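Hi,

Here's the structure I promised to pass on.

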Amino acid sequence: MRYLVLTDIHANLEALETCLEDGKRRGYDKTLVLGDLIGYGADPNAVVSGIQALAPTAIVRGNHDKIALGLDEAEGFNAVAKDAARWTFESLTPEHRAWLAALPAGPTIVDDLVEICHGSPYDEDAYIFDELDAIRGLKTSKRPLCLFGHTHYPVTFEIAGTAFQWTGPAASAGAVLPIKEGVKYLLNPGSVGQPRDGDPRAAYAIVDTVARQVELVRLVYPVAKAQSKIIEAGLPEVLARRLAAGR
Ligand code: ZN
C-alpha cells in the first residue's frame with residue numbers, strides 16, 4: 001500500500017495541486033490527511049473540494065478546521081490567525097462548513113504500521129517541538145509509524161529501545177526514510193501550504209508499507225499566485241509574505 005500523506009494545506013490551492021500532480025506521477029493507492037485544510041490561505045472551498053475528491057482513507061481535523069464549528073474555536077489564535085479565521089468562516093459554503101465540522105479528532109489508527117494525528121497522539125492540539133514532547137508521543141502512539149502535523153516543520157523522531165534520535169528538515173528534503181523493524185517513528189512530513197522551516201517549497205510524503213519506507217518530497221509551486229490571491233481576498237498581507245520566506 002502506498003499512502004499519499006498531506007497535512008497543513010491551509011487553503012493553499014497552488015501548493016495542493018502541485019503536490020497532487022507529483023503524487024500521481026510517483027503513484028499512490030490511498031490518501032491520509034492530517035488536518036488544517038483551511039485557515040490563512042485564499043482557497044478554502046477549492047481545497048476542501050480537492051480533498052473530498054481524493055476520498056481519504058483516514059482524515060483527522062486540525063485546530064484551524066475546528067473554526068467550522070464556530071468562531072469561538074479561534075480563541076487561542078493570534079490576531080492575524082483570528083482575522084483569517086473570520087474571513088475563512090464567512091467564505092466557506094454551508095456544505096463545506098458542515099463537512100469540516102464533522103471531521104474526527106485524532107489519533108486514528110490506519111493499519112498495522114501507521115497511525116495519524118494532527119498535533120500529537122496524546123492531544124490533538126499539542127505541538128511536538130522538542131525531545132520531551134517527542135518521547136511522550138512515541139510512548140503514546142500505538143503503531144510503529146505515527147504521522148503528525150501542526151508545527152509545519154518536517155522532522156522525524158525515532159526510538160529503538162532507549163536509543164532516541166531525530167532528523168531535521170535539511171536532511172529530510174528529498175530523502176527516503178526506511179522504516180526499520182523494532183523502531184518506533186514519529187514523523188511530520190512538513191506543511192503542504194505554509195512551510196515554516198525556512199524552505200518555501202510545499203512538503204508532503206508518500207508512505208510505502210510494503211517497501212517499508214517514507215518518501216519525503218519538497219516541491220517548488222506557484223507561490224506568487226497564492227500570494228496575490230491572499231492580497232486580493234483582503235486577508236492580512238503577512239500571510240502572503242511568509243509563503244515566500246517559508247516562515
Ligand atoms: Zn497548521
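Cys19 counts as buried because its relative accessibility is 0% (buried means under 20% relative accessible area, exposed over 50%, partly exposed in between, with a 1.4 Å probe and protein chains only). This is a predicted model, so local features need pLDDT of at least 70 and side-chain atom pairs count only at pLDDT 80 or more, while totals for chains, interfaces and linings use all residues. Residues are numbered from 1 along each chain as its sequence is written, and side-chain values use heavy atoms, with hydrogens and water left out.

Back to the cysteines: there are zero disulfides in the structure, a disulfide being a pair of cysteine sulfur atoms within 2.5 Å. Cys19 is in none, and the nearest cysteine sulfur, in Cys117, sits 19 Å away. What about Cys146? Its closest cysteine sulfur is also that of Cys117, at 4.0 Å, which is too far for a bond. Cys146 is buried too, because it has 0% relative accessibility.

Zooming out, 55% of the protein's 247 residues count as buried. Along the principal axes, the C-alpha atoms fill a box of roughly 50 × 35 × 30 Å.

As for secondary structure, you'll find eight helices and 12 strands (DSSP runs numbered from the N terminus: H or I of at least four residues for helices, E of at least two for strands).

Cheers
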